[in-house]
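Please look through the structure below with attention to its strands, its aromatic rings and its surface. The paragraphs that follow take these topics in turn.

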Amino acid sequence: MPQLRRYQQGFTLVELVTVIVILGVLATSITSFLRFGTKSYTDAADREALISTARFVVERLNREVRHALPNSIRTIGDNNQCLEFVPIDKSAIYLDIPVAPEAPSNSVKVVMLEDLLKATTKYVSVYALNSNDIYATSSGVIETFASVNNSRDKQVPSTINFASNILFNTESPTSRLYFIEPPVSYCVESKSIFRYQGYGFGNYVSSGLPSVSATTSRVLMAENIANYSTSDNVAPFRTFPATLQRNGLALTRFKFARNLEEVAFNNEIQVPNVP
């Protein structure tokens, strides 16, 4: 019986090269697709992080500035890098205040006060018309009180007691009296925004920034600020005083940048309170 010859079958070199080329093309396509997906996810994450950061600081700033003492909003520091304002703790309607040529008094009665004051509230303000008087705590505009006999009832008068006799410069057209706290500042430093509190009135360093001491709170509010520059004259804050036609305004301009993502926020804040 004749012996059958067996032939081993396999791939030719051309077939192997063809398969390798096809696999290479597929691998390149898959890698490009994965790289594109990863980059899209990273870009979206960066954008979302920037938007979240921007929204947080802008909304917080809006809320605080809207409750600031009228005419207390101003810019300080190199190239207006800080927005400073005086927070209102409570407001009340006074029944009568000592105004020249009346005799000075060491107490004032107010109504519409039912909540307790904060521990940091030590001042009252009546008809403050400019920021210079406010931050200089000018007598007759800003006065330090000693205690408050709070009736905790809007209809029952409460009594504000002063350590000595005081005399206000003028009466408020709306008989409005504000209990105020020490000033607060939002400052852009390098690529970050910090919130300063507790530095008091008139305490600043040579650059105009709030002075940092044991009682000062300096809190990081946002990072990745890209549009502040002292050399390029780019200011993040601008203020406009109140007029007969509109309330006081504060304009903020922030640009946040991270990797290749940028988010710009231009915001206008109105101060609804009136002296």
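Two strands are said to pair if DSSP finds at least two bridges between them, and the strands themselves (E, at least two residues), like the helices (H or I, at least four), are DSSP runs numbered from the N terminus. The model is a predicted one, in which local features need pLDDT of at least 70 and side-chain atom pairs count only at pLDDT 80 or more, whereas totals for chains, interfaces and linings use all residues. Residues are numbered from 1 along each chain as its sequence is written, and side-chain values use heavy atoms, with hydrogens and water left out.

Strand S3 (residues 88-96) pairs with S9 in the antiparallel sense over five bridges, and within this pairing Ser 91 has Tyr 178 in S9 as its bridge partner. S3 also pairs with strand S4 (residues 105-111), again in the antiparallel sense, over three bridges; here Asp 96 stands opposite Lys 109 in S4.

How many aromatic pairs does the structure hold? There are seven, where rings of Phe, Tyr and Trp (its six-membered ring) pair if their centres lie within 6.5 Å, and planes under 30 degrees apart count as stacked, over 60 as edge-to-face and the rest as tilted. One of them joins Phe 145 and Phe 179, whose ring centres are 5.8 Å apart with planes at 90°, so the pair is edge-to-face. This pair links distant parts of the chain, since Phe 145 lies in the loop between strand S6 (142-144) and strand S7 (147-149) while Phe 179 belongs to strand S9 (residues 176-180), 34 residues apart. Phe 145 counts as buried at 11% relative accessibility, as does Phe 179 at 0%; buried means under 20% relative accessible area, exposed over 50%, and partly exposed in between (1.4 Å probe, protein chains only).

The rings of Phe 254 and Phe 256 have centres 6.1 Å apart and planes at 70°, so this pair too is edge-to-face, and both residues are buried. Elsewhere, ring pairs link Tyr 123, Tyr 135 and Phe 201 into a cluster. Over the face of Tyr 135 lies Arg 74, at 3.8 Å from the ring centre, where a charge sits over a ring if NZ of Lys or CZ of Arg is within 6 Å of the ring centre and within 35 degrees of the ring normal. Arg 218 lies over the face of Phe 194 in turn, at 3.7 Å from the ring centre.

Finally, Leu 26 is found in helix H1 (residues 13-66) and is partly exposed, with a relative accessible area of 48%.
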